[in-house]
Amino acid sequence: MQCSLIICTYQRPQALYRLLESLQLQTRYPEEVIVVDASLNEETKRLLEHHTYANLRYFLVDKEHRGLTKQRNFGIQQVLDQSEIIAFLDDDIILYPNYFEQLLGTYQKFPEALGVGGYIINETHWKEVGYVYLPKENEFYWDGWVRKDGSRMVWRKKLGLDSNVPPGWMPTFGHGRSIGFLPPSGKTYQVEQLMGGVSSFKKEVFQHVQFSTFFEGYGLYEDADFTLRLSKLGKLYLNTAAQLEHHHEPSGRPNQYQYGQMVVRNGWYVWRVKHPKPTISDRFKWHSITLGLLTIRFLNTFTTPSKKQAWSESLGRVWAYFRLFWKKPQ
């Protein structure tokens, strides 16, 4: 299967360089690599002028196409006609050598798949414990593996607000467990959400679904919105053997106040795209979890070294939450 890779980048030349270097070690190299750069300077352009990479095409876009979802949609328009799969990677990723071999092999094993996601291996410590195991209160167990649960999930379990569907699926009250709660078992799991920065899709799906421009700029949860809509049309899979590392480059990110607003406002939007008519019980649970997470983030002002960031993000969350009552996202 012919594959086009789209990398959207913004003000991160060194992170992009590390990704492209790891791409050179792939056992299965994409037929084309499209870099869509929304930087406000030409540092990334100059870096690519001094390094040669096979099949790479570079685009420095203007304000009209700046922003993650806009850049992805722009990149899709540049893809070769003969490409069958369009893959996306964030610019602060480092690939394991067999990433694309595993990713594309999933489409052969599951020909009905509309999309396949890769697996971030470096963010969570998992322990294989087998199938006869009773997890502790602060642990999450799935498919013979266990990991620590953060304080946010522990209090949700105590209050009966934990997700009631598998990881990678959204419950009717939103606030599910992401695909990050699937273990590095080497298995492939069916999901309805994928992380956009480690995803791939059959080219044909973009005739029916596009990345929403509601998610301007940084685009938090834009991947959840896109894949939740796409999962209504067909099946999505996560291959935990298609592994990579995510290094969360700090440059190019919004300030904490804006981020706090996006957590609440974008989160509400994605929930209502999936469940436009939630019950009173589901509404109560969504608001309870949102306010609980807001409270925890506010308490971080006193319990973490990053006091200013926690305070700023908390204010953003508060503003976005109360704004929902008079101006809901459309």
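Predicted model: local features only at pLDDT ≥ 70, side-chain atom pairs only at ≥ 80, totals over all residues.
User: What makes the space lined by I6, C8, L68, R72, F88, L89, D90, G196 and G197 a cavity and not a pocket?

Analyst: A cavity is a set of points where a 1.4 Å probe fits but cannot get out, whereas a pocket is an open set. The residues you list line the largest cavity, and its volume is about 40 Å³. With the cut-off at 30 Å³ or more, the count comes to one cavity.

User: Which elements supply at least two residues each of that lining?

Analyst: They are β1 (3-9), α3 (68-77) and β4 (85-90). The most comes from β4, which gives three residues.

User: How do you know how many of the lining residues are nonpolar, polar or charged?

Analyst: The classes are set by residue type: Leu, Ile, Phe and Cys are among those that count as nonpolar, Asp and Arg are among the charged ones, and Gly counts as polar. On that basis the lining has five nonpolar, two polar and two charged residues.

User: Why is K274 called buried?

Analyst: The cut-off is under 20%. The relative accessibility of K274 is 19%, so this lysine counts as buried. K274 belongs to helix α7 (residues 256-274). Beyond its neighbours within four places in sequence, K274 is in contact with M170, E192 and L228.

User: What makes the approach of the K274 and E192 side chains a polar contact?

Analyst: The limit for such a pair of N or O atoms is 3.5 Å. The two side chains are joined at 3.1 Å, which is within it.

User: How do you know that R28 makes a polar contact with M1?

Analyst: The side chain of R28 reaches the backbone oxygen of M1 at 2.4 Å, again within the limit of 3.5 Å. R28 sits in the loop between α1 (13-23) and β2 (32-37). Leaving out residues up to four places away in sequence, R28 touches M1, Q2, C3, F100, E101 and L104.

Technical notes: Residues numbered from 1 in each chain as written. Heavy atoms only, no water. 1 Å grid on protein atoms, 1.4 Å probe; cavity = no way out; pocket = protein on both sides within 12 Å on 5 of 7 lines; lining within 4 Å. Points joined across faces, edges and corners; volume = space filled by probe spheres on them. Helix = DSSP H or I, 4+ residues; strand = E, 2+ residues; numbered from the N terminus. Polar contact = N/O pair within 3.5 Å; in protein donor to acceptor, adjacent residues only side chain to side chain. Contact = heavy atoms within 4.5 Å. Buried < 20%, exposed > 50% of the residue type's maximum accessible area, 1.4 Å probe, protein only.
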